[in-house]
Amino acid sequence: MYKKSLILLLVLVLVVGAFAGCSSDSTNEPAEEQQNGEDQGDVSEGGEKVIRWNLNSDPKTIDPQLNSAADGGHIVNNIFEGLMREVNGKLEPAMAETYDVSDDGLKYTFHLRDAKWSDGKPVTAQDFEYAWKRALNPEVASEYAFQLFYVKGGQDYFENNGKIEDVAVKAVDEKTLEVELTGPTPYFLDLTTFYTLMPVRKDMVEQDPEGWAKDPELAVTNGPFKLEEYSTGDKIVLTKNEHYWQADKVKVDKIIASMIVEASTALTAYQNDELDAMDEFPVQEIPRLVVEDPTFEIRPLVGTYYYIFNVTKEPTDDLRVRKALTYAIDRKAIVDTVTKGGETPATGYVPPSLTDSQGRNFREVNGDFNIEAKPKLEEAKALLAEAGYPEGEGFPKITLIYNTNEKHKAVAEAIQEMWRKNLGIEVELTNQEWAVFQDTRHEGNFEIARAGWLGDYADPMTFLDMWTSYSGNNDAQWRTTDTFDCPANDRFTEVIEQSKVVSGEERDNLLYEAEKLMMDDLIVMPIYYYTDPTAVKERVQGWEKTKLGHWWFGFADIVE
């Protein structure tokens, strides 16, 4: 059986590798230690249809404008709804019944359908205007504010160079929303499905701006489900929203989202019929599950797993050190013997599934930046010696941080040993609870940090504009400040801005240049391209993961 498992897994790796990234953000980034694999209730509770799903972690937030992580995003995707929604792989009108686009592609007019919030009040264009301007409010400090810089006046307002009145999103009346863009944005409709652009109610938010979304009394929602209960560190309970505009299609009465961090604990719960859906697995169990569990599948995913270098702290402020660390690891060994989920070694930042306007594979066109699946030991050692650390001698103590998770730990330990063996350096490992880890990374209190990015829409830009000088996700601290000069990022930001007002091959070339700028400065160390191991009980029908990996249970059903 073991030989058979290995053979089948090898076949699977080849098949999945061919499609890697074709379908994000659903690789959750777990946080706390959690031992709660206990029974969460029967599938039918008093005649109710219940889905028991492992969210893997306790989200830092489920506020649409403040969330920037996959775990919170999955919840948001099931309780809120934007102007458009992806269903069965296709973009469909959601809160917007219809829309018009001007000939130059700069003005969108959305005509809202008759829809209600979970408390029965109407969803209005004013709710969208408020939410979008809230995301751009510099005092709110949304990490995803840059997703709205496509709106005319949005970036100026966020950077305190303009007024809120000049942000070109306007509720003409209760059912009409007008949006004017700074330049043609071919994926703008896709962006309207993203949680940052989902509506929220001003009267509820302002009662508790930081905590309203986790309070069932305040969290009015407009999606297929509403928040019934939020038990920190334990579970989130969602129930059917009877006021949802497609409530007749919502068959599930309740979703119990557990926060089981340990993948082995979650898998035991799944195998004991205490969970119906999960997507984090012990890596050592994947070969067995491929062969033995018909509900287990490895799905493609648009995402890259990588480490971030803090370019402002010694010794990772030295490009030669960053290159030495990057060239010294064996990516093939990591995916073959550590992660074991059909992942492929990453030799660039943008994953291989995305294309340019000509239909060319972005990764193939832009090359591998001298990064290979196997280590380049002689070059790595020479660079480290050139930086002043021959054979690792005198290399300072540094720490690699990662958020608590079995897989992250296994990858970190493997890379730690590769650096010790291949470069003669010692790197300490530190794990942190997910919410703390996000803050540590964002504030730049690290030398090297684990990270992963899953596409928000199917365009290379979703992996690139996060590194602009103004992006809240630029955790590498790669920007010019009062104490740090960064001409490469100055040019990078300029290139990204130029790409927003052009199209076609001219835009393609700017995006290729942008990736080259960040990879020439090697602010990240690509490790592998994600896949999405998933298991859902056969009795759960009609569930979806979007092309970018978001869970969607809106039209799911329980069939016994």
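Contact here means heavy atoms within 4.5 Å. All views show a predicted model.

**View 1. Surroundings of Tyr-307 in the largest nonpolar core.** This core has 159 residues, and Trp-132, Tyr-307, Trp-419 and Trp-467 have the most contacts inside it. Leaving out residues up to four places away in sequence, Tyr-307 touches Leu-400, Val-411, Ala-412, Ile-415, Trp-419, Ile-448, Ala-449, Arg-450, Ile-523, Val-524, Met-525 and Ile-527. A second, separate core of 13 residues includes Ala-269, Leu-275, Phe-281 and Ile-298.

**View 2. The largest cavity, with a volume of about 280 Å³.** Its lining comprises 21 residues, of which Ser-68, Arg-441, Gly-452, Trp-453 and Asn-473 are the closest to the centre. Strand S13 (296–309), helix H14 (434–443) and strand S17 (448–454) each give two or more residues to the lining; the largest share, five residues, comes from S17. By class, the lining has ten nonpolar, five polar and six charged residues.

**View 3. Salt bridge between Arg-201 and Asp-119.** The closest N and O atoms are 2.8 Å apart. Arg-201 lies in the loop between helices H5 (188–191) and H6 (202–205), and Asp-119 in the loop between strand S6 (107–112) and helix H3 (125–136), 82 residues apart. Arg-201 counts as buried because its relative accessible area is 6%, under the 20% limit. Asp-119 is partly exposed, at 34%.

**View 4. Salt bridge between Lys-374 and Asp-330.** The closest N and O atoms are 2.8 Å apart, and the partners are 44 residues apart in the chain. Lys-374 is partly exposed, with a relative accessible area of 44%, whereas Asp-330 is buried, at 13%.

How values were computed. Residues are numbered from 1 along each chain as its sequence is written. This is a predicted model: local features need pLDDT of at least 70, side-chain atom pairs count only at pLDDT 80 or more; totals for chains, interfaces and linings use all residues. Side-chain values use heavy atoms; hydrogens and water are left out. A nonpolar core is a set of buried Ala, Val, Leu, Ile, Met, Phe, Trp, Tyr and Cys residues joined through side-chain atoms within 4.5 Å. Buried means under 20% relative accessible area, exposed over 50%, partly exposed in between (1.4 Å probe, protein chains only). On a 1 Å grid over the protein atoms alone, a cavity is a set of points where a 1.4 Å probe fits but cannot get out, and a pocket is an open set with protein on both sides within 12 Å along at least five of seven lines; lining residues have an atom within 4 Å of a point. Grid points are joined across faces, edges and corners, and a volume is the space filled by probe spheres set on the points. Helices (H or I, at least four residues) and strands (E, at least two) are DSSP runs, numbered from the N terminus. Ala, Val, Leu, Ile, Met, Phe, Trp, Tyr, Cys and Pro count as nonpolar, Asp, Glu, Lys and Arg as charged, and the others, Gly among them, as polar. A salt bridge is a side-chain nitrogen of Lys or Arg within 4 Å of a carboxyl oxygen of Asp or Glu.
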